[in-house]
Amino acid sequence: MVGGGHAGTEAAAAASRMGCQTVLVTQKLETIGEMSCNPSFGGIGKGHLMKEIDALDGVCARASDESGIQYKILNRRKGPAVQGPRAQIDRDLYKSFIQKELHNLENLDLVPDTVEDLVMKNGQCLGVKLSTGQEIHCSGGVILTTGTFLRGCINIGMDKYPAGRMGDEAVNGLSNTLDKLGFKLGRLKTGTPPRIKKSTIDFSHLEANHGDDPPVPFSFLNESVWLEHEHIDQVPCHLTHTNDQVNQIILDNMHQNRHVTEEVTGPRYCPSIESKVLRFGFKKHQIWLEPEGFHHDLVYPQGISCTLPQDLQQKLINEIEGLENAKMIKPGYGVEYDFVDPRQLMPTLETKILPGLFLAGQINGTTGK
């Protein structure tokens, strides 16, 4: 397995459970199970997918039941086909659960390195080559779960630099290999909002949104979630909105926004607040203020994914109700990355061009959500 995000950890755990001798290669062992963007799981459609993964003895549903800080069933008043279980997640607890789960699995080795190339013989993928030059050979197959890292670039304002996500290096060698093999690659874009210091937010006039009582677990194996065992109250999220001042800042500064200027006619995954303003004029948009955990002083403002220069992001934040004195800790940014056209896959996710090579997760053009 190449990559330690959601797809990679599920693939590694599944192979290990089946008794296969498995190796998971990822850049940093400490970021295995990292929630790169939104600190939540589930929702409409995605909650159904989690149930399907859980039915196959996957990890994410159980991890969410042990790390959530708020649980809700969306569309509860409608039929079960359109209901969506969702949980706000404590990032640290989730990552800790995933790492503990993987470390306790038999047949699984974890290797901290970057995969730069594939090992091939007689038209078959037989392993990977690491940045150190070491080769890891296999007989069962190689699964790439590289997320946003293939030739990844971060955009903030007019600045652009290579990275898979903030603080992590991009992976270029694998993209070059896939190119040479004749795979059809494309580029996708996504983005993340700025992170705000929780203690600087004025929640007094904002609408609070509470979890379900009692919370409904994700996993079929659980009758309750960890908060009930520990007698801990769920954490509320809060709702605020954009306004004309926010819209005007965006419209006045589009010339300073490389990512969105090129995105307007492109993919709409995780649409930025700039794109919303350009498409829908001066309509007000919801912003959900989502805590990133019990002991985090960071809040994730769902709905304002933003790639303006940092000073303008701070200015934009301070125009929003409740955030007049809020301090931005991390800027929002855009990520562009390579993906592989999924029509080059068989139903098993094995590639048609290179037997023994499988692709899973965002490399196949999914949203990563």
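**Chatting about cysteines, cores and a pocket**

Q: Hi! Is Cys60 buried or exposed?
A: Hello! Cys60 counts as buried, because its relative accessibility is 5%, and the cut-off for buried is under 20%. Keep in mind that this is a predicted model.

Q: How many disulfides turn up in the whole structure?
A: The search of the whole structure gives 0 disulfides. For Cys60, the nearest cysteine sulfur belongs to Cys37, 17 Å away.

Q: Switching topic: which residues have the most contacts inside the largest nonpolar core?
A: Those are Leu24, Tyr94, Ile98 and Leu102, in a core of 31 residues. Elements that each supply at least two of its residues include α1 (6-17), α4 (91-103) and β5 (108-112).

Q: What does Leu102 touch?
A: Leaving aside residues up to four places away in sequence, Leu102 touches Thr9, Ala13, Leu24, Ile32 and Leu108. Another core lies apart from the largest one; it has 23 residues, among them Met254 and Ile273.

Q: Now pockets: how much space lies in the second largest pocket?
A: About 370 Å³. Its lining has 20 residues, and Glu34, Ser36, Met166, Arg195 and Lys330 lie nearest the centre.

Q: What is the lining of the second largest pocket like by class?
A: There are 10 charged residues, 5 polar and 5 nonpolar. α4 gives the most to that lining, with 3 residues.

Key: Residues are numbered from 1 along each chain as its sequence is written. This is a predicted model: local features need pLDDT of at least 70, side-chain atom pairs count only at pLDDT 80 or more; totals for chains, interfaces and linings use all residues. Side-chain values use heavy atoms; hydrogens and water are left out. A disulfide is a pair of cysteine sulfur atoms within 2.5 Å. Buried means under 20% relative accessible area, exposed over 50%, partly exposed in between (1.4 Å probe, protein chains only). A nonpolar core is a set of buried Ala, Val, Leu, Ile, Met, Phe, Trp, Tyr and Cys residues joined through side-chain atoms within 4.5 Å. Helices (H or I, at least four residues) and strands (E, at least two) are DSSP runs, numbered from the N terminus. Contact means heavy atoms within 4.5 Å. On a 1 Å grid over the protein atoms alone, a cavity is a set of points where a 1.4 Å probe fits but cannot get out, and a pocket is an open set with protein on both sides within 12 Å along at least five of seven lines; lining residues have an atom within 4 Å of a point. Grid points are joined across faces, edges and corners, and a volume is the space filled by probe spheres set on the points. Ala, Val, Leu, Ile, Met, Phe, Trp, Tyr, Cys and Pro count as nonpolar, Asp, Glu, Lys and Arg as charged, and the others, Gly among them, as polar.
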